[in-house]
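This report concerns the aromatic rings of a protein structure and their surroundings. The sequence and the model are shown first.

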Amino acid sequence: MLIIGLGNRLRGDDAAGLAVIDRLEAYGCPAQLARSDGDPASLIPLWEGQDRVVLTDAMHSGVSPGHWRRLEGDQIDALRGRRLSSHTLDLPQSLALARALDRQAAELTMIGIEAAADTHGAALTPAVAEAVVAVASALQSWARS
Amino acid sequence: MPLKTRTIKVGELARVEGEGALTLRIRGTTVEQAQLQIFESPRFFEALLRGRDFSEAPDITARICGICPVAYQMSAVQALEAALGVDPGPEIANLRRLLYCGEWIESHALHLFLLHAPDFLGYPGVAEMAAEHGELVNQGLALKRAGNALLRVLGGREIHPVNVRVGGFYRAPSVAEMAPVREELAGLRAAAEATVRFAAALDFPQLAPDYEFVSLRDELEYPMNRGRLISSRGLDCAVADFNQHFIEHQVEHSHALHCRRDNGNAYLVGPMARYNLNFDRLPAPIRRLAEELGFAPPICNPFQSIVIRGLELLFAIDEALRLLADYSPPEPAHVPLRPKQAEGHGCTEAPRGILYHRYALAADGSILCAQIVPPTSQNQLRIEQDLQAFAQNHLALPDAELQWRCEQAIRNYDPCISCATHFLQLYMDRDGC
């Protein structure tokens, strides 16, 4: 299993995916771990040809901050709509690109953590910091199974 | 007969960088005005530099942009070293040029393949294009990745590199660290040449504005980090004289200052300007390829800028390989600096064109004043004028197609609105019969 944390440490709750990987490293997680800023040129080669990939990232889906859920397939695509990045492709676009290029993982799951704020230079908000602990703990037991 | 009003509105123009809108006012058969409205919040970088130590400028200004942070670092260090009267020497100059090659490669590959090519092939985006042009998109991703790798190894990380300092680098990578990057780049030269051939064979809408091109000009090299400012209309001045020849203006509809020539005219910076003014500085194989494909200068159609970006992408790979061929890490990787009261100017060729910095320093090295003039802010007026001319020539097109063509025309400039002040929306108001 490969777990990829996505995000930007300088943008408040956007660092949630990376913070999950930090904790998994500290746990000595048996899965392969990776971090990404989401650039498709780097992200696609990471998951290409992998059997089982878990992405963890902050999201804005309209639920309450800190709420986290498992998303697959169309549910990830449905995160499109609000443009999150102007410099590159967002995650649903990168996944669509990988499918078109036949460079996707055999099985891909996303753990989305609802963000409260992506303030420059801010720490994780308390609800998201709590969710990071819960997600890391859940992924650690999942990776051992 | 009273004129009818037609309004065409695009919710968001994708595949450009930053937040803004474009409004075209069309009355009858005349496009009266094109306004690029940049409503991205002002970012106050020049103000927040005041009081900071000069050594912080490369890292602070790098945060202006995620796609061309190296340009901000290069102009900042050049200006500050000029102020302090320091020349870090040829080895550091070469290492900086190598870092800049990495940025040109990743920025040009991103724009050419992921943002611009779908326009010419008629797709809404790169994912749709990839279904039928998979090999092309894979090439683009591989090229961008190689540029990223160069930034990571030499810059410390891909986005907002942290290894650049006034006076040189914090640490020069070892030969062994550079080796895989060199191998990756060498393996992509053929893909870069195929990219140029692909771009040259596209169909280009007609547009030939009478541009004043402005770029750096170096005595020896295709310009990146060094040179005088020249234009296609006879300007030839030192970088330190920038403010005598280019005037920044505040306009009501934009949070980014417009920059004009001292005679009030618009001018164009970027790949087309660099290429037309410095073709003779390109290595012979690149010139021969351009000539073979029928793209020797002058190239004045902005839609053909995709070909120029391809040629510059190929050039940047060759140049990086040349610089890597006899690479050995400079030791030390930086020269000592002594703060003093002084003023310095810097101008380097960002992927989107010239980027000017000016700093005034106090005796303790703190920054008294900073001025930053990014390429997109210099091109704003020119983009508006081109859009007006382009829309005028295509008024017969149905609304949806005209709108799509105008969006494509904006992407010719690879505008970085984030730099200039960020998402573009296009509004068209038509009063027509």
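In this predicted model, Phe213(B) counts as buried, at a relative accessibility of 5%. Tyr211(B) is likewise buried, and its relative accessible area is 4%. Both values fall under the 20% limit that defines a buried residue. The rings of Tyr211(B) and Phe213(B) form a tilted aromatic pair.

Over all chains, the count comes to 11 aromatic pairs. One of these joins Phe204(B) and Phe295(B): the planes of the two rings stand at 75 degrees, so the pair is edge-to-face, since an angle over 60 degrees is classed in that way. Phe204(B) belongs to the loop between helix 8 (189-200) and strand 6 (214-217) of chain B, whereas Phe295(B) belongs to the loop between helix 11 (284-292) and helix 12 (305-325) of chain B; the pair therefore ties together parts that are 91 residues apart in sequence. Phe204(B) and Phe295(B) are both buried.

The geometry of the two pairs is set out below.

| Pair | Centre to centre | Angle between planes | Class |
|---|---|---|---|
| Phe204(B) and Phe295(B) | 6.1 Å | 75 degrees | edge-to-face |
| Tyr211(B) and Phe213(B) | 5.3 Å | 45 degrees | tilted |

Ring pairs also link Phe242(B), Phe246(B), Tyr267(B) and Tyr356(B) into a cluster. Within this cluster, Phe246(B) has a charged neighbour: the charged end of Arg261(B) sits over the ring of Phe246(B), at 5.4 Å from its centre. A further arginine, Arg274(B), lies over the face of Trp104(B), 4.2 Å from the ring centre.

How values were computed. Residues are numbered from 1 along each chain as its sequence is written. Chains are lettered from A and ligands numbered from 1 in the order in which they are written. This is a predicted model: local features need pLDDT of at least 70, side-chain atom pairs count only at pLDDT 80 or more; totals for chains, interfaces and linings use all residues. Side-chain values use heavy atoms; hydrogens and water are left out. Rings of Phe, Tyr and Trp (its six-membered ring) pair if their centres lie within 6.5 Å; planes under 30 degrees apart count as stacked, over 60 as edge-to-face and the rest as tilted. Helices (H or I, at least four residues) and strands (E, at least two) are DSSP runs, numbered from the N terminus. Buried means under 20% relative accessible area, exposed over 50%, partly exposed in between (1.4 Å probe, protein chains only). A charge sits over a ring if NZ of Lys or CZ of Arg is within 6 Å of the ring centre and within 35 degrees of the ring normal.
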